[in-house]
Amino acid sequence: MRHFQGEGACDADLWQRRLSFWWDENPYVHAHACRGWILRAQGRLVGFLGVIPTLYEDAKGAPLPALIATSWAVDEEARHAALPMGLMLQRQARSCLLVDTTPSPEVQKLLHRWGWQANEVVRRSLVLRGASGSMLAGVMCHEPPDWPEGLRIVTEMAEVHHLHRAGISGRIQKHITSEYLRWYVSSPMREHHWVGVVDEAGGLHAGVVLTLRKVRGLPSWKVMDWFCPDLENPKLLQLLIYWLMDHSPTPEGMNWPFISLAAFPGDPVWDDLPKVYSREETVCHFHSLPPSLAGTPLRHVMAEGDWGL
């Protein structure tokens, strides 16, 4: 509580709830045995560096254990011991993927020195909602794709019974299951919402995780993550954005004027949408791969690391 203030501030009860969420309720908790490290001096807790077990998929679709770095705090009088704690995390990259989205310039500098891959640029775009958004889409000659027969929109994860899978992606990416989506959406740290496209059997064909958040002061539905078996043909994801232009998964967000989308370099998922604003922004996504996977591309989303957890 002393070290994390501002947006990440938590009282004791919320910290306890978060730790339980990371380590007890996490559907991927068995992916790795590590939970982090604590530092004690004269019996007093003076440092903590946590990790959250998770699962990715390698370029061939096989499960890849990963650790999310989180909540590194060391009291001032014990700063000399901070680097050895970090090196204990660094050693885990010998056998698994490490992911960190730290906003700390000091830690970012350290990750650069250790040779972590930095992904620090994202293209932020805004789509206008409501009648004005539909009018603008018409002016820009953007029309929603045809609606596939037998599919419907859902806003509750309880209506998702299984996920449709695609072939090998050729990239490392998050391993998504219905259990993982339910877990992430229920995070105690941030209010999340869900919109998906399912068939009559409850099979998920595409979905987006949303949060209500201001982007540069503009009230927006912010897309944090998405699921789509065929990212080379993101038609269903685009249909969801068109649906969000006129609908809302919660009444309080009905009048928020924008949908905020983020795409990392080389990701065309939002290219064919009627965007009213677009610019590059700086982010802080870092990862370190085990030697056997060096050089393999990784598909990034905003909901990496401990963002929202």
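This is a predicted model: local features need pLDDT of at least 70, side-chain atom pairs count only at pLDDT 80 or more; totals for chains, interfaces and linings use all residues.
## The largest pocket

The largest pocket has a volume of about 1,200 Å³. Its lining comprises 41 residues, and those that lie nearest the centre are Phe4, Thr102, Pro103, Ser104 and Asp306. Two or more lining residues come from each of the helices α1 (12-23), α2 (82-91) and α3 (105-113), and from each of the strands β3 (63-74) and β11 (218-227).

Sorted by class, the lining of the largest pocket consists of 20 nonpolar, ten polar and eleven charged residues.

## The second largest pocket

The second largest pocket has a volume of about 500 Å³. It is lined by 20 residues, with Met1, Trp15, Leu45, Phe48 and Ala73 nearest its centre. The elements that contribute two or more residues to this lining are α1, β1 (36-41), β2 (44-57) and β3. Among the contributors, α1 gives the most, with six residues.

Twelve residues in the lining of the second largest pocket are nonpolar, while four are polar and four are charged.

Strand β2 and helix α5 each supply at least two residues of the cavity lining. The largest share, four residues, comes from β2. By class, the lining of the cavity has ten nonpolar, three polar and two charged residues.

## The nonpolar cores

The largest nonpolar core contains 31 residues, and the residues with the most contacts inside it are Val160, Leu181, Tyr184, Trp194, Leu204 and Leu309. At least two residues of this core are supplied by each of α1, β2, α5 (178-185), β9 (193-198), β10 (203-215) and β11. Helix α5 provides the largest share of this core, with five residues. Apart from this core lies another, of 29 residues, which includes Val208, Leu239, Met245 and Leu273.

Which residues does Leu309 touch, not counting residues up to four places away in sequence? The contacts of Leu309 are Arg18, Phe21, Trp22, Ile52, Ile68, Trp183, Tyr184, Ser187 and Met189. One of these residues, Tyr184, is also listed with Leu309 among the core residues that have the most contacts.

## Two residues with positive phi

Gln42 is not a glycine, yet its phi is positive, at about 55°. This residue is placed in the loop between β1 and β2. Is Gln42 buried or exposed? Gln42 counts as exposed because its relative accessibility is 87%, and the exposed class begins over 50%.

Ser71 likewise has a positive phi of about 55° although it is not a glycine.

Note on methods:
Residues are numbered from 1 along each chain as its sequence is written. Side-chain values use heavy atoms; hydrogens and water are left out. On a 1 Å grid over the protein atoms alone, a cavity is a set of points where a 1.4 Å probe fits but cannot get out, and a pocket is an open set with protein on both sides within 12 Å along at least five of seven lines; lining residues have an atom within 4 Å of a point. Grid points are joined across faces, edges and corners, and a volume is the space filled by probe spheres set on the points. Ala, Val, Leu, Ile, Met, Phe, Trp, Tyr, Cys and Pro count as nonpolar, Asp, Glu, Lys and Arg as charged, and the others, Gly among them, as polar. Buried means under 20% relative accessible area, exposed over 50%, partly exposed in between (1.4 Å probe, protein chains only). A nonpolar core is a set of buried Ala, Val, Leu, Ile, Met, Phe, Trp, Tyr and Cys residues joined through side-chain atoms within 4.5 Å. Contact means heavy atoms within 4.5 Å.
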